[in-house]
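Subject: Structure for you to look at

Hello,

Here is the structure I promised to pass on. Please open it and keep it beside this email while you read.

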Amino acid sequence: MAKSSQKRDLPAELPKLAIVGNGMVSASICEKLADKGACKRYSISIFGVEPRPAYDRVRLSYYVLNRDPSRLELLSADWYQENGISLCTSARVQSIDQETKEITTGNGDVHSYDYLVFATGSSPFVPPIDGVSNDSVFVYRTIEDMAAICEAAKTAKSAAVLGGGLLGLEAAQALQYLEVPTIHVVELANLLMPQQLNEQASEVLIQSIGETGFKLHLVQR
């Protein structure tokens, strides 16, 4: 059932702005709306699938150090309330009727809107290879994913991370925090963080990462 923070009374004539998605982009949008005073000109509602306010996914590995999701929050539930924004968590948007301008959530609640913003982010890519449906295969995106990885790491002797980008290295670091004995990092490119670094910078990173004990597997290396 959706949980909503208490919302201050707003005049009925205020246009309704609905934001679908409660991640890092959504939090940034809300901050900018608040800074511009838009919370006084619009009745704003946020709809997110997860059971908590937006948090920093880039720092997800730090969850293993304290197991406290609130320490990763970008904006607290109190912040949304203080700014008159209705935060609807555990609220998956099932359908959107563009003619009637209505959103229907998974529990059957219907919400009207005048303006609609999609901030749903991306889904983790799982390569279509044998074994991906095994219960020892995880994606690395949410607090719940991280909690499942923490549980599996208790008995794991080795782990492989597919992807040597920013999040892949964060995942490898999380596994190191969890004291998994052997950690492999597999990257399709011949560089680490190929979207962010050039060859020279990546080489410095590779040397540094090698000192941590990660076993790197890069194309053409």
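Start at lysine 101. Look for it in the loop between strand E5 (93-97) and strand E6 (102-105). Bear in mind that this is a predicted model. The phi of lysine 101 is near 55°. That is a positive value, and the residue is not a glycine. Lysine 101 is partly exposed, at 36% relative accessibility.

Now go to methionine 193. Its loop runs between strand E10 (182-187) and helix H6 (199-210). Is methionine 193 buried or exposed? It counts as buried, with a relative accessibility of 14%. The cut-off for buried is under 20%.

Next, the aromatic rings. A pair of rings is described by two things: the distance of the centres and the angle of the planes. How many aromatic pairs does the structure hold? There are three. I will take you through a couple of them.

The ring centres are 6.0 Å apart. Tyrosine 42 is partly exposed, with a relative accessible area of 26%. Tyrosine 115 is partly exposed as well, at 46%.

Another pair is made by tyrosine 62 and tyrosine 177. This one is tilted. Centre to centre it spans 6.4 Å, with 50° between the planes. Tyrosine 62 sits in the loop between E3 and helix H2 (63-66). Tyrosine 177 belongs to helix H5 (residues 166-177). The pair thus ties together parts 115 residues apart in sequence. Tyrosine 62 is partly exposed, with a relative accessible area of 30%. Tyrosine 177 is also partly exposed, at 30%.

Stay with tyrosine 62 for a moment. Which residue has its charged end over this ring? It is arginine 59. The charged end lies 4.7 Å from the ring centre. So tyrosine 62 takes part in an aromatic pair with tyrosine 177, and its ring also has the charged end of arginine 59 over it.

Best wishes

Methods. Residues are numbered from 1 along each chain as its sequence is written. This is a predicted model: local features need pLDDT of at least 70, side-chain atom pairs count only at pLDDT 80 or more; totals for chains, interfaces and linings use all residues. Side-chain values use heavy atoms; hydrogens and water are left out. Rings of Phe, Tyr and Trp (its six-membered ring) pair if their centres lie within 6.5 Å; planes under 30 degrees apart count as stacked, over 60 as edge-to-face and the rest as tilted. Buried means under 20% relative accessible area, exposed over 50%, partly exposed in between (1.4 Å probe, protein chains only). Helices (H or I, at least four residues) and strands (E, at least two) are DSSP runs, numbered from the N terminus. A charge sits over a ring if NZ of Lys or CZ of Arg is within 6 Å of the ring centre and within 35 degrees of the ring normal.
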